Amino acid sequence: MYQPIMGASCFRRLNGTHQTGCSSTHSGSVGVLHLINVDADLEFLLSSPPSPPYAPLIPPHLFTRNNLMRLKEAGPKIISVVLLINKFEKMQQFSHELNCPNQYSGLGNSSDTATCDASNVALSWNPWGTGLLHEDFPFPIYYIADLDEINKLENCFEKFNNFEYESHALRSLCAVEVKAFMSAAVNSEVCMRRTNFINNLGGTKYCDPLQGRNVYATLYPRNSSENIDDNAKRTVNPVEKFIIVSCRLDTTSLFDGVGLGAMDSLMGLATMTMVAQMLRLLLPAQNSLPDPHRNVLFVAFNGESYDYIGSQRFVYDLENLEFPTRSTRSAPISFENIELMLDIGTLDDIANIKLHTLHKSSPLAQKLLQQLNHYAKSSRYNFKVNFESSVGYHMPPTSAQSFLRRDSNFPAFILNAAPGNKYYHSIYDDRENVDFVYGNTSQDYTKLADVSDLKNFKTDSLQMKVRNVSSIVAMTLYETLTGKEYQESNVANPLLADEFFYCFLQSSDCPLFKASSHPDSPSGLPLPPMRYISVLGGSQESSGWTYRLLGFLLSQPQPKVPMENCTQLPMSYFSGFNGTGECRLTTQNYTSALSPAFLMDDYDWSSGQYSTWTESTWSQFSARIFLRPSNIHEITTLAIGIVVFIISFCLIYIISSRWEVLFDDVPASNAALPPPTAC
């Protein structure tokens, strides 16, 4: 009778002032299927339909803000479920994020200091944004990607629903039931208060803070050890100096577990990873640098899609001398230890990149721009990348804003391209969006490549584009650290980019992830890792693989250490490129990506100082189709039931009152028992 439908559901998130997302009723929401092919098909549903509530099947090109808001205004009595079907042939754009992502948590909110003007869509950081990710819908929205499932829905609609619309109320119709009830409501403050109160009694949770892990690694192992006494006051080593190279680790979408963020943030993560590997292979020992106390700190911030969770916590920890944690047994790092920050943002147009700075008079910014363009325009490398300067508050929504918000004079510089991603923060920001084609060469990606060796990739391929930008950034940092111009012919290896994108966009069961894992570790799933920040206890695949990857590519081989002695950090045992196993000295680690708002008992939830995003709990996501009987059929069934119920009572009364006549051979219950038979 019921047939399950596989898909992904929209769910509810909350912040300090609002709730967003979707929820079904507690028992599940039921609606009659109705296929939407053109905008006019919506009019049937919105103008007194004959047998509500309905569940429209909407293709992506009609899944617009205008249409969804009209369905929302119709209310759950008319529209009880919305099904998004994966028929993208006519789709030209699909972004559910705001025109100004993280609009209220950036560097400035006044008209003079705002980093994005939402009133001027053309100049915003996401011109194609619909903002649906931040709307609250009174019905569940379910995404069906599989074509077989879509055909099942369409066939059911054609067979039972798509004819004689005026008689819908008189016959059985194909309907869908979606169960996606959300426990949380109102906002994060109310939800957390209810959760904490109930926890004292029964352990029920209504919501959880968005929480994950930042991943960081240093170019050189740190020599600054700390007193092992946990109660001792932590002190900073003032001679240590760091250049921070950072990027985003996460992405998001409207639906649970769907969304790869290929152009959104994965290109930045790939660039940072290749810069790290190139510097590790190029630079001499730390003690031979002009400043032997100089180091590079690579950080991938998690939760940046939700008001910069990871970078806000990182700044908070720096201020309180809590980074890195005491468990690392190394001295804390403060803002006084940081020379500059180079933040890699979105690289939509990877051939034209801007270096964003807040202050025009920064000589450091001018020097960086000069070095970047020097290598970008060198005829020796023929990178064909252009870098331009952008000064002022019109800055992209990247992690650097958390640092600049604390101190506008902080030396933060952002590499970011002009907006070009029409699928920002959506389910369609995938490998097709970045034109990725896996080369699968099986060649060694752990070594640098000669600039003339394209490894059989086309010059306009994604692998070569990322190679070019990574090489330019790495050469610039090389010159900054050594004081010498880079003059070699070796550049970043496009094979590493090829394997990197294959792992994160197609399958976790890939050569690069295997090389970055222990030989006895199980293989990854044949699916790309989830890159949503999630909650405590949720999937942390992306941060886990990034941790292993940075550990492998930035580590130093220790050929004399056997596997049995390579079990405790900073020593780690990796499979390596050949799969034979090798011990390496690593520098990678985790740091918490939980907003400081959840660490404070008296935090003002409406202040906007820190991210306050939470995620509702739920019991299940499911969808199934069935034939919903007509109203007349249901009324008839009810009427027959009532009649049978009344007749049964009458029969029972008649039988109980006339039992002597009906059962005259049966002795009365109060009749005397016959005497026992004599022995």
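Of the 679 residues in the protein chain of this predicted model, 54% count as buried. The chain contains 14 helices and 25 strands, and its C-alpha trace spans about 115 × 80 × 50 Å along the principal axes.

**Helix α5 against helix α10**

- Helix α5, which covers residues 262–282, packs with helix α10, which covers residues 494–505, at an angle of about 140°, and the two axes are 11 Å apart.
- This angle makes α5 oblique to α10, given that an angle has to be over 145 degrees to count as roughly antiparallel.
- The crossing of the two helices, α5 and α10, is right-handed.
- On the α5 side the contact is made by A262, L266, M267, L269, A270, T273, M274 and Q277, while α10 contributes L496, A497, F500, F501, F504 and L505.
- Sorted by class, the residues in this contact of α5 with α10 comprise twelve nonpolar and two polar residues, with no charged residues.

**Helix α5 against helix α12**

- The axis of α5 also comes within 9 Å of the axis of helix α12, which is formed by residues 541–554, and the two cross at roughly 25°.
- The helices α5 and α12 are therefore roughly parallel to each other, because angles under 35 degrees are counted in that way.
- In this contact, L269, M272, T273, A276, Q277 and R280 of α5 meet T546, L549, L550, L553 and L554 of α12.
- The residues of the contact of α5 with α12 divide into seven nonpolar, three polar and one charged.

**Buried positions**

- T218 lies in strand β11, which runs over residues 211–218, and T218 is buried, with a relative accessible area of 5%.
- A polar atom of the T218 side chain lies 2.8 Å from the backbone oxygen of Y220.
- When residues up to four places away in sequence are not counted, T218 touches F242, N295, V296, L297, L554 and T587; one of these, L554, is also among the α12 residues that meet α5.
- T252 is placed in the loop between β12 (241–248) and α5, and T252 is buried, with a relative accessible area of 2%.
- The side chain of T252 makes a polar contact of 2.6 Å with the side chain of Y306.
- Leaving aside neighbours within four places in sequence, T252 is in contact with R13, L133, S305, Y306, H425, S426 and Y532.
- P49 sits in the loop between α1 (40–46) and β6 (54–58), where P49 is buried, with a relative accessible area of 10%.
- Not counting residues up to four places away in sequence, P49 touches F44, Y54 and I78.
- From C-alpha to C-alpha, P49 and N421 are 38 Å apart in space, and they are 372 residues apart in sequence.

**Partly exposed and exposed positions**

- R406 is found in helix α8, which spans residues 400–406, and R406 is partly exposed, with a relative accessible area of 38%.
- The side chains of R406 and E319 are joined by a polar contact of 2.9 Å, and the C-alpha atoms of these two residues, which are 87 residues apart along the chain, are separated by 9.9 Å.
- N223 has its place in the loop between β11 and β12, and N223 counts as exposed, at 69% relative accessibility.
- The C-alpha atoms of N223 and Y2 are separated by 64 Å, and the two residues are 221 residues apart along the chain.

Key. Residues are numbered from 1 along each chain as its sequence is written. This is a predicted model: local features need pLDDT of at least 70, side-chain atom pairs count only at pLDDT 80 or more; totals for chains, interfaces and linings use all residues. Side-chain values use heavy atoms; hydrogens and water are left out. Axes are lines fitted to C-alpha atoms, for helices over the stretch in contact, and angles run from 0 to 180 degrees between N-to-C directions. Helices (H or I, at least four residues) and strands (E, at least two) are DSSP runs, numbered from the N terminus. Angles under 35 degrees count as roughly parallel, over 145 as roughly antiparallel, 65 to 115 as roughly perpendicular and the rest as oblique. A crossing is left-handed if the near helix is turned anticlockwise from the far one by less than a right angle, and right-handed if clockwise. Contact means heavy atoms within 4.5 Å. Ala, Val, Leu, Ile, Met, Phe, Trp, Tyr, Cys and Pro count as nonpolar, Asp, Glu, Lys and Arg as charged, and the others, Gly among them, as polar. Buried means under 20% relative accessible area, exposed over 50%, partly exposed in between (1.4 Å probe, protein chains only). A polar contact is a pair of N or O atoms within 3.5 Å; within protein, one must be able to donate a hydrogen and the other to accept it, and residues adjacent in sequence count only if both atoms are side-chain atoms.
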